[in-house]
Amino acid sequence: MIKTGQKILLIISAVAIIVLLLIFRTGKAPLVRADSANVVVMNTIAKIIAVAPDEQTAQNAIEAAIKKIKHLENLFNRYDPNSQLSLVNRQADKEPVKIDKELFVILQRSIYYSKLTDGAFDITVGPLVDLWKKCAEANSMPTDEPLAQVKKRIGYDKILLDANQFTVRFAAEAMSLDLGAIAKGFVADRAIEEMKKAGALGGLVDLGGQIGCFGLTEKNGKWVIGVQNPSKLEAGQTILKLALSDSAAATSGDYRRHYKIGNKQFSHIFNPATEKSADTLSSVTIITSSGTAADALATAVSVMGAERGIELIEKLPNTEAIIIKSGNEEMLETSKAERFILR
Ligand code: AMP
Ligand code: MG
């Protein structure tokens, strides 16, 4: 006869074994990976990958990410007359404009990176971008007079934010904020937050040159991404591969978008101080934990040049740079960039 005490012990043991078996099984259950189709957003082709315990969760995570990306694009796109940023660009020199929190936060982050980079990164470059675009269309170099006019409208210190009222106001007339150098990084960060909330255990957001990833792949590995070879763009060749987890990588470069006047090519990135295009580096990749930081800093280093750029990035914790110079295509790296490079 089994005593009551022994019975209880047996039942407890049986339950414990079942629970352990269940945990063991769940732990071993293969993860599912879902890939989005190519999505055209933010003037680029986006791709999203979600890793989750099941197909439905992975699909939900992709949907949540795309929804967030589209929502933020509608706020941040200065080329869309209906965006909130367009409203700001039209109104903020006349009166304070109340804006959504997400737009307010990206403006705050932008000013932060302007200060950090001594003005190399500056979202008030809108009028300068427009002037160069117009000149490229007319195939003539910008002259002193319009450049002097534009200068009055540039400067991050002319963006006045009120954190109590969530308003923005301009200190000069006819300013135009351009979030092109930070929006993709910021949006990738927010998309990843949505994917995590939807239950994804890992994932990757690729916004055309702006990559953010979290967790691991379905095979428990790091995310491997390619950095394009700036001189072999048509062939789609990569110059090196990076292995990342819970990191962002942003690449800025004159090879992506540029202007042509005569037979000379000009980068779409401008030095706000000189009003000239930044042409010394053909590719700058920044790797760090935040996409916002990676995006803003990749643009800033393109303006600052190799020496000053590397000096700044070396000072920032957990932030690395890989630079390819224009012309001789020499490659330079910060001291710990190597650990991300697959050899
Ligand atoms: P990215 O590809 O991230 O380097 O962003 C480049 C885009 O940002 C350009 O196409 C411009 O719209 C804008 N831009 C150009 N120069 C600057 C700058 N110095 N600071 C901030 N944004 C800039
Ligand atoms: Mg950028």
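These are my notebook entries on a predicted model of one protein.

**Entry 1: overall picture**

I started with the whole chain. The protein has 343 residues, and buried ones make up 50% of them. I counted nine helices and 19 strands. Along its principal axes, the C-alpha trace spans about 105 × 50 × 35 Å. Then I checked how far apart in sequence the contacting residues sit. Taking contacts between residues at least 6 apart, 61% join residues at least 24 apart.

**Entry 2: the cores**

Which residues touch the most other members of the largest nonpolar core? I got F76, V88, L103, L179, M195, L207 and I286, out of 74 residues in that core. There is also a second, separate core of 17 residues, with W223, L240, I287 and A337 among its members.

Next I went through the helix pairs. Two packed helices are described by the angle between their axes and the distance between the axes, and I noted both for each pair.

Helix α2 covers residues 55–76 and packs on α7 at an angle of about 145°, the axes being 8 Å apart. The crossing of α2 past α7 is right-handed. From α2, I listed A61, A64, A65, K68, I69, L72 and F76; from α7, the contact takes in A183, F186, V187, R190, A191, E194 and M195. Sorted by type, the contact residues come out as 11 nonpolar, no polar and three charged.

**Entry 3: α7 against α8**

How do α7 and α8 run relative to each other, parallel or antiparallel? The axes of α7 (residues 183–197) and α8 (residues 291–304) come within 7 Å and cross at roughly 170°. The two helices are therefore roughly antiparallel, since the cut-off for that label is over 145 degrees. On the α7 side the contact uses A183, K184, G185, F186 and D189, and on the α8 side G291, T292 and D295. I sorted these as two nonpolar, three polar and three charged.

**Entry 4: α5 against α6**

Helix α5 (residues 126–138) and helix α6 (residues 144–151) have axes that come within 9 Å and cross at roughly 160°. That angle makes α5 roughly antiparallel to α6. I logged the crossing of α5 past α6 as right-handed. P127, L128 and L131 of α5 meet P146, L147 and V150 of α6. What kinds of residue make up this contact? I found six nonpolar, no polar and no charged.

**Entry 5: two glutamates in loops**

I looked up E95 in the loop between α3 (84–91) and β4 (97–98). Its relative accessibility is 39%, so E95 counts as partly exposed, the band for that label lying between 20% and 50%. Leaving out residues up to four places away in sequence, E95 touches V168 and R169. I also took one distance: E95 and R153 are 58 residues apart in sequence and 16 Å apart in space, C-alpha to C-alpha.

Then I turned to E338, which sits in the loop between β18 (331–333) and β19 (341–342). Buried, exposed or partly exposed: which label does E338 get? At 36% relative accessibility, E338 is partly exposed. Apart from neighbours within four places in sequence, its contacts are E333 and R343. From E338 to V301 I have 37 residues in sequence and 19 Å in space, C-alpha to C-alpha.

**Entry 6: two aspartates with positive phi**

Last, I checked backbone angles. D118 has a phi near 55°, positive in a residue other than glycine. It lies in the loop between α4 (101–116) and α5. With a relative accessible area of 64%, D118 is exposed.

D246 is not a glycine, yet its phi is positive too, at about 45°. Where is D246 found? I located D246 in the loop between β10 (238–244) and β11 (247–252). At 46% relative accessibility, I put D246 down as partly exposed.

Definitions and conventions. Residues are numbered from 1 along each chain as its sequence is written. Chains are lettered from A and ligands numbered from 1 in the order in which they are written. This is a predicted model: local features need pLDDT of at least 70, side-chain atom pairs count only at pLDDT 80 or more; totals for chains, interfaces and linings use all residues. Side-chain values use heavy atoms; hydrogens and water are left out. Axes are lines fitted to C-alpha atoms, for helices over the stretch in contact, and angles run from 0 to 180 degrees between N-to-C directions. Helices (H or I, at least four residues) and strands (E, at least two) are DSSP runs, numbered from the N terminus. Angles under 35 degrees count as roughly parallel, over 145 as roughly antiparallel, 65 to 115 as roughly perpendicular and the rest as oblique. A crossing is left-handed if the near helix is turned anticlockwise from the far one by less than a right angle, and right-handed if clockwise. Contact means heavy atoms within 4.5 Å. Ala, Val, Leu, Ile, Met, Phe, Trp, Tyr, Cys and Pro count as nonpolar, Asp, Glu, Lys and Arg as charged, and the others, Gly among them, as polar. A nonpolar core is a set of buried Ala, Val, Leu, Ile, Met, Phe, Trp, Tyr and Cys residues joined through side-chain atoms within 4.5 Å. Buried means under 20% relative accessible area, exposed over 50%, partly exposed in between (1.4 Å probe, protein chains only).
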